Amino acid sequence: KAPGRETYRPESFDVLVDDAVKSIQTGLADGCRRMEVEYPLSSDTSGYKDASDSFIDANIALAISAAKRLSEGTDLKVCVLVPDGPELVRASERFEPALELAGDSVTLGCMAGKKKGAFGGFFGGAVGSGELVEDYNDNDIFIAVNASTVELPTVRKYTEEVVKDKTMILWCLELDTLRADLGLFGFPGKEIQFEFLSQFKSMFYIRQRAYSKSVEVAPFLVNYNGALF
């Protein structure tokens, strides 16, 4: 394989998604069936400056674009999975034109029929509950987007009972953040990491962070930011 580049400066999200798809295709060629893609959806290092719906919609749009690239020139069928039925209805309405352009090989689906509460078993049914939706099991690749920490058990259940030995890709779920909540009151246990998330191989990863460094001369504190690729 060719050596990696020293710096990575994609000119647009289109270029970034294309590179992520190439990484996934490399993983598929190596027989990998559990993959993770992570990159910032905003130039803001905090990740939370804009409205949450903006990130949700951007993630779905980019996942559909990736699904289209994965299916082009192949017989592969790709399904982009949102967490539940209400989100599927909303996404289907908003992204109908994009799905039509993507072709018949790309579909939208959901992993559970009902939405969970903010604290899983306390306000939205038992953690990991929710009727699984299996209408998409004729697909070859599944791309899961926009799942929260309390929805990770649903992702696991869907992967184990529906996806099985096919390919599951976790697309920009911010797993570094979600893992920090595992084991806390009202959230799934850490076994989600040990028994499930640890199976996923990071194929394309960009972590953007802001840092501060103390120095002995004025201004004494230097703020800087960057990305690990």
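Which residues form one aromatic cluster? Phe-13, Tyr-39, Trp-171 and Phe-204 do.

Some ground rules. This is a predicted model: local features need pLDDT of at least 70, side-chain atom pairs count only at pLDDT 80 or more, and totals for chains, interfaces and linings use all residues. Residues are numbered from 1 along each chain as its sequence is written, and side-chain values use heavy atoms, with hydrogens and water left out.

The whole structure gives 5 aromatic pairs. Rings of Phe, Tyr and Trp (its six-membered ring) pair if their centres lie within 6.5 Å; planes under 30 degrees apart are stacked, over 60 edge-to-face, the rest tilted.

Take Phe-13 and Tyr-39. Their planes sit at 50 degrees, so this pair is tilted, with centres 6.4 Å apart. Phe-13 is in helix H1, Tyr-39 in the loop between strand E1 and helix H2, 26 residues apart. Helices (H or I, at least four residues) and strands (E, at least two) are DSSP runs, numbered from the N terminus.

Buried means under 20% relative accessible area, exposed over 50%, partly exposed in between (1.4 Å probe, protein chains only). Tyr-39, at 2%, is buried. Phe-13, at 38%, is partly exposed.

Next, Phe-142 and Tyr-158. This pair is edge-to-face: 70 degrees between planes, 6.1 Å between centres. Phe-142 is in strand E4, Tyr-158 in helix H5. Both are buried.

Now the backbone. Most residues other than glycine have a negative phi. Asn-146 has a positive phi of about 60 degrees. Asn-146 lies in the loop between E4 and H5.
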